[in-house]
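The exercises below are to be worked with the sequence and the coordinates at hand. Each task is followed by a solution in steps.

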Amino acid sequence: MSGPRESAGHLLGPVTELVGRELEVAALRGRLRDPAVRLVTVTGRAGVGKSRLAVEVVREVGREIDGESGGESGGGFTRVEHLDPAVARPDLPEPHDPANPHDPAGPAGPAHRILVVLDGCDHEARPSAAAAAEALAGDPRVVVLATAVEPLGVYGEQLLPLAPLPVPGPRRGPAGGPADPHEVQEAASVALFVRRARDADPSFALTLENAGAVAEICTLLGGLPLAVELAARRLRLFPAHLLPGRLRSRTTMLSGGPANAPERHRSLAALAEWSCRGLDEGARALLGRLSVYEPGFGLAAAGLSAEAAVEPLLDRGLLAVVGEEQGELRLSVPEPVRSHCRAELVDSGGEGAALDAHAERYRLLVTTALPGLRGTEQDRLLRELAAEGANVSGALRRLRERGDSETAAALVLGCRLPWLAQGRLREGLEWCDDTAEAGGSALPEAVRARLADASGVFALALGDPQEAVRRHRHALALGKGVGDRRQNALVSARLGAALLRAGDPAGARAVLVTALNALESMGVTGGAAEAAGSLAAVLRGEGDRRKAQELLDRSVETYRRIRDGRGLAGALRTAAALALEGDEPDGADRALRESLRLYGAFGERTELPGALEEFSLLLLRTAPAQQPRAVRLLAAADALRAETGARVPDEWRSAAERARTELSARLGWTDFAVAWAEGVRMPVPAAVAEALSAPAPSRRAAAGTAPEAQSLTPRQVQVALLVSEGMTNRQIAAKLSISEWTVVNHVRHVMRRLGCSSRVQVAGAVGRWA
């Protein structure tokens, strides 16, 4: 059976403009013109635009055959055949006779290369299409262009995977603020939406008022071209700002495709049903179970021990790879398939069980992560929990719907550190309050006390120390009846930090001294390090730098020993401030660089803005030529803090604003604005890399000092010199007015950096400096 033969110039399919596929058109055109290529299959999800891409390239080939392009004829093609995928073989001319000089296909004539298009090689048509493609590709005159949801599996097949259009990235800047229409329209999915919206309403324009809604629409639809076009057509009925709310619950409500389009292209419900056609029972059940997961789940988190279970779904585009974290793929069930499968779960009565299983899986994930969050696995676990953040929130919503307040409270408390690291401060505060309110008196008093304490931590991170003080005091009041000394001491340590930020250093000192003694006596090392760091900040403010340094050294040493990177990074920021007050910019630079590396290791977002600002101000002091870099770092910090919703203390805001004013005057407004715009767009890894790539302050060695001594801080050089004189630790402590414990710590660092294993070797190394 032969399909219809198309004339060279026949325009197949719609005449709408192809948006955002310039690279794919060029890639496909190049493949088809390659003499070694026999079969190219454009693969991708239903609705992604495979046929439309093929139409565009075939149209170009047709123009070339008709001589419209003025270029080489069709890249060697003399004919285009557009066949039904069930066709076994087209009606091709016989090969030319080399002995017949009158044969137009002979050596003197044009090469008879034929492009055969098999569009829609899916489901029932796939076996026939695969056989036809294999037979056709065996003819050296034929190049086959096929479109299919999944590969045909024919030997020699070359694949051109077609992904959905890019969607707008996460927006930097004030939460809830208007989106920049120019920035949003850089995403191809938004550009397509705008083109089709104007088809439905010629007066439509992307504005400050609707750009955010349009960006959300395209993101909810995953950039799927058919879905974006159907959404744009809905503007005849709904204004743009109302569409996201309707789509969040069910994207399959979109319909209204052209009457002359295939049925599956007239609505997302029909598209999703067609996409799932032919799945076996096990694959369909797995897809239904995964449809309750939020996009970005990992295989392990979903309970899948091997990729083999998901490969068929990946091949058909029913699962999509949305990223990678620590070597593990992050997956999603894309829209509209996800909405379709969720609706089927509801109809079958299986949604509740699927949601309960999902909630239990993420409860276990958070619970098992808790022991490692303060130790050697902190970086890995914080990154994993950040990647699974949307699913953890989904599990919490399910527990709240189920009325399981105590389990929900345990999950919220387990999320305290991950949410702090992720910058989800307002969300964390609201979950603490909502969970405590929902549980009421049914929650044990100890649990309510811990929720109040966690809420105080989030309030302080948001920049409201007075509210944090109130909440921590409420936690202490609840905890008195419980009698948990350890928890009460931890709450007191956090209360002290809040009192210091609230402008009550005397109150902070009294609370922190008591808390530190209690935590040390109970052997709560992490809590003691936290209290010591906060007390060091109090003493620094009082001008007692010696005691502050002693406490800070203890805090840093403890954090290093227990491998708490986030705690260490915070302590190092205080160490940098102390170093600057002691006119030791080199020491401050080293401390801040290590702090930034630690924050960057797990993508920290709450404390990182402060560290970036502190580093940029130090950079201005030590490397004035780095002014543009300082502007970028200040801008990145400002944008990141705006995302978290945190307020900056007034005194620090004044310092940052003075720096911005000074930089604007020195650089000129244009250069300043360009650098600022670059910084605002920086994601967290780029901002950290920008800071760490700055040149370190020049370190001039003292006269007669060997290069090996330059790796030591000035204080460590002093200690090394006194060790070489034979002084004991106690004598050195008295000489330098520091504690004996601090001397021990300095001696350890000196020995490690000089490669010495004894005090005698240190003395020998110092002797070589002369």
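**Exercise 1: a residue in a loop**

Task: determine where H112 is found, and whether H112 counts as buried, partly exposed or exposed.

Solution. Step 1: H112 is found in the loop between β3 (77-83) and β4 (113-119); the model that supplies these coordinates is predicted. Step 2: buried requires under 20% relative accessible area and exposed over 50%. Step 3: the relative accessibility of H112 is 28%, so H112 counts as partly exposed. Step 4: R141, 29 residues apart from H112 in sequence, is 6.1 Å apart from H112 in space, C-alpha to C-alpha.

**Exercise 2: a residue in a helix**

Task: assign T435 to its helix, classify its accessibility and list its contacts beyond four places in sequence.

Solution. Step 1: helix α18, residues 425-439, contains T435. Step 2: the relative accessible area of T435 is 6%, which is under 20%, and therefore T435 is buried. Step 3: with residues up to four places away in sequence not counted, T435 touches S405, A408, A409, V412, L443 and L451.

**Exercise 3: aromatic rings and charges**

Task: give the number of aromatic pairs, name a cluster and identify charged ends that sit over rings.

Solution. Step 1: the count comes to six aromatic pairs. Step 2: one aromatic cluster is formed by Y293, F297 and Y362. Step 3: over the ring of F77 sits the charged end of R113, 4.8 Å from the ring centre. Step 4: over the ring of W274 sits the charged end of R264, 4.4 Å from the ring centre.

**Exercise 4: nonpolar cores**

Task: describe the largest nonpolar core and the surroundings of L612.

Solution. Step 1: the largest nonpolar core has 126 residues, and L287, L290 and L612 have the most contacts inside it. Step 2: beyond its neighbours within four places in sequence, L612 is in contact with L596, L633, A636, A637, A687 and A691. Step 3: another core, of 60 residues, lies apart from the largest one; V143, V149, L165 and L235 are among its residues.

Methods: Residues numbered from 1 in each chain as written. Predicted model: local features only at pLDDT ≥ 70, side-chain atom pairs only at ≥ 80, totals over all residues. Heavy atoms only, no water. Helix = DSSP H or I, 4+ residues; strand = E, 2+ residues; numbered from the N terminus. Buried < 20%, exposed > 50% of the residue type's maximum accessible area, 1.4 Å probe, protein only. Contact = heavy atoms within 4.5 Å. Phe/Tyr/Trp six-rings, centres within 6.5 Å; stacked < 30°, edge-to-face > 60°. Lys NZ or Arg CZ within 6 Å of the ring centre and 35° of its normal. Core = buried A, V, L, I, M, F, W, Y, C linked by side-chain atoms within 4.5 Å.
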